[in-house]
Amino acid sequence: MPKIVLEGLVKRYGSFEVLHGIDLEMEEDEFTVFVGPSGCGKSTTLRMIAGLESVTEGEIYIDGKPVSQLEPKARDLAMVFQDYALYPHMNVAKNMSFALRLQRMPKAEIDAKISAVAETLGLTDFLHRKPGELSGGQRQRVAMGRALTRDSGTFLFDEPLSNLDAKLRGQMRAELALMSQRVKKNMIYVTHDQIEAMTLADRIVVMNGGYIQQQGSPEELFKNPANKFVAGFLGMPPMNFLDGEITEKSGEIFVQGQGFCVKLSQQKAEAARAHNGRSVTLGVRPSDLVYDPAAAEDQSLLVSIIVSEYIGAQTVLLCDCGGQKVEVELKSTIPIDRNGQLRFAINPDGVHLFDKKTEIAL
Amino acid sequence: MSIANKANRLTPYVFMAPAAIILAVALLYPIGYMIYASFLDWSPSQRIGEADFVGLRNYINLMHDAAFRESFWVTVKFAAVVVTLEMFIGVGLALLLDRNIKGMSFLRTIFILPMMIAPIVVGLMWRYMYHPTVGIFNRTLKDWGFEGIPWLSDSTWAFVAVVMADVWQWTPFIFILSLAAMQSLPRSALEAAEIDGASEMQKVIHIKLPLMLPVLIVTLMLRLIDAFKVLEVIMVLTNGGPGLSTEIVAMRIFRTAQEFQELGEAAAMSNTLLMVLMALTIGMFAYNKMQEGRAAKMQAMAAKGTA
Ligand SMILES: Nc1ncnc2c1ncn2[C@@H]1O[C@H](COP(=O)(O)OP(=O)(O)OP(=O)(O)O)[C@@H](O)[C@H]1O
Ligand SMILES: [Mg+2]
């Protein structure tokens, strides 16, 4: 199956530049997920790969061949559109079989394929309805089904599960994960959903404002975010950021800010030593903060609760730490003093440092 | 019920009153007058009160009038031929010109010009072009070494000639309506078809035409009704001739009233034409209703589906 390469991809609408030079290499049969805030250019990138938007500058290679001048149908791909793009005058079965009918596949084969896909998507009862007679979530599943009946080299998904309820979304996610293991295809997937991105992706591409911020495996991005944006974007609840300054005291390196002074681990200290005195942002995920009244002062944060959100087994606490906001998680069963100050130990490996101005990881 | 309440309920009728009065005076009165006249033996020299009441005689005469039947047949043939040609050419042009090339909006404006010219002028213009010796068609044919064509003096060619003039004038109507329909098609469905591997032709056949169908059917109906009533262009071009070859019903009615001075008979003809057009119009509305009904049913089912 083909490998897809984007080289210096630029997209301009008139004089308005939407993408500023996207460079990306996707391995064969890789599941690539694009994430990023609304309007950052995910759909545009996907549509350029599909051939629905012209390429202003740069080139797209599929299997080593430049394709930016090729028609969509010459690129051998299937796509799930963000707005479904169903054929309004065809019923569900006809919608899903359109491509197969154009290829003159035998009817029996088409029927078998459609009923199999309809089965997995829970659409069996709707095969004879028109799109206008379906709910949003049902339509989205039809859009998904239309792509899944195809036998293309590359699958493009533009937020294919955004309109489903939580349970159905979970099912579909599992179904997709299964499928991506079973059939080896290139998959490019756009989503806003952290969990989808983390669970499905071989490679996550984080975009913002028409630039790629970072790309790599979910683990890489989660553990070593390249900048503050990526760090804040991945992970739920999001990473906490505290402004501070790097200081050196008797050979040890600390980050000191309003209401906290945290000693860095050996390894982090190596990197930070050169930046002594610099203003930095300290990033630490809620999952790296553990409630521990007995923790050492320079290995912990002392906070007071502003709001507590009970979400079942866990409680998320929005706290104040020297005038800056910090979110922490806590087992709901742990008894705490809601009005007093709480001490949370910091996992030394969970400390991230970003330059305050450039926001790039140190 | 309080006075204020009553006044409130009357308000819509008050607003509707002017329109209702105009409708009654300008539409119902003439039609009623015409229906009444169709039961009379009435010549233009008489006042309507002096005419003899003859019951259905005018209608019975019509049925036995070979000339009227001939003109009715000519009308049907004319309407069928021009509307078919106009639909094919109009929709075809719209399909070809539905793209964003520079200067396209200018081109589109040019295309709809014929529709804006007064029918009498169109008739005169084409009469000069069909002129046996100095008309552009025959001059061109002769330049190329062909025989000239007796455009308006041969009964077959005369029919062709009026068809050509009508197609020239009214194809733009279908063109702009189908272009509008085409531009409101869901772009994303067309993109999906492209991804699904449809060629340009397949997109037209499987996506564009089916989605445009409702608009096309209404357009067809409107054109058909209009084609049944055509008069001016043919009057100027051939005056119904040669023989009865281009004498459409409207022409026949005109002559019955003007030349034969049979106002009752002319009224009966008008009513017959009116009934045919009425049937077409009702057909069109019925189609619209059917479409709406289907859409409503779909929505109801969709609502049930989500519930
Ligand atoms: N046809 C267009 N003309 C001008 N600007 C456009 C056009 N289409 C998209 N844009 C702009 O390009 C940018 C990227 O749009 P895009 O649809 O790729 O965003 P996205 O990342 O998919 O967002 P979302 O998550 O909301 O779907 C947006 O700022 C948008 O306003
Ligand atoms: Mg999008």
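A charge sits over a ring if NZ of Lys or CZ of Arg is within 6 Å of the ring centre and within 35 degrees of the ring normal. The views below come from a predicted model.

**View 1. Charged side chains over aromatic rings in chain A.** Arg285(A) is placed over the face of Phe222(A), 3.9 Å from the ring centre. Lys249(A) has its charged end over the ring of Phe254(A), at 5.0 Å from the centre of that ring.

**View 2. The protein donors of the magnesium ion (ligand 2).** Ser43(A) contributes OG and Gln82(A) contributes OE1, at 1.8 to 2.3 Å from the ion. Ser43(A) belongs to helix H1 (residues 42-50) of chain A, and Gln82(A) to the loop between strand S6 (77-80) and helix H2 (92-102), so the pair ties together parts 39 residues apart in sequence. Ser43(A) counts as buried because its relative accessibility is 19%, under the 20% cut-off. Gln82(A), at 37%, is partly exposed.

**View 3. A tilted aromatic pair, Phe157(A) and Tyr189(A).** The ring centres are 5.6 Å apart and the planes meet at 45°, so the pair counts as tilted. Phe157(A) is in strand S7 (residues 154-158) and Tyr189(A) in strand S8 (residues 186-190) of chain A, 32 residues apart. Both residues are buried.

**View 4. An edge-to-face aromatic pair, Trp151(B) and Trp157(B).** Their centres are 5.4 Å apart, with 75° between the planes. Trp151(B) is buried at 7% relative accessibility, whereas Trp157(B) is partly exposed at 32%.

Methods:
Residues numbered from 1 in each chain as written. Chains lettered and ligands numbered in written order. Predicted model: local features only at pLDDT ≥ 70, side-chain atom pairs only at ≥ 80, totals over all residues. Heavy atoms only, no water. Donors = N, O, S within 2.8 Å, 3.2 Å for Na, K, Ca; no water. Helix = DSSP H or I, 4+ residues; strand = E, 2+ residues; numbered from the N terminus. Buried < 20%, exposed > 50% of the residue type's maximum accessible area, 1.4 Å probe, protein only. Phe/Tyr/Trp six-rings, centres within 6.5 Å; stacked < 30°, edge-to-face > 60°.
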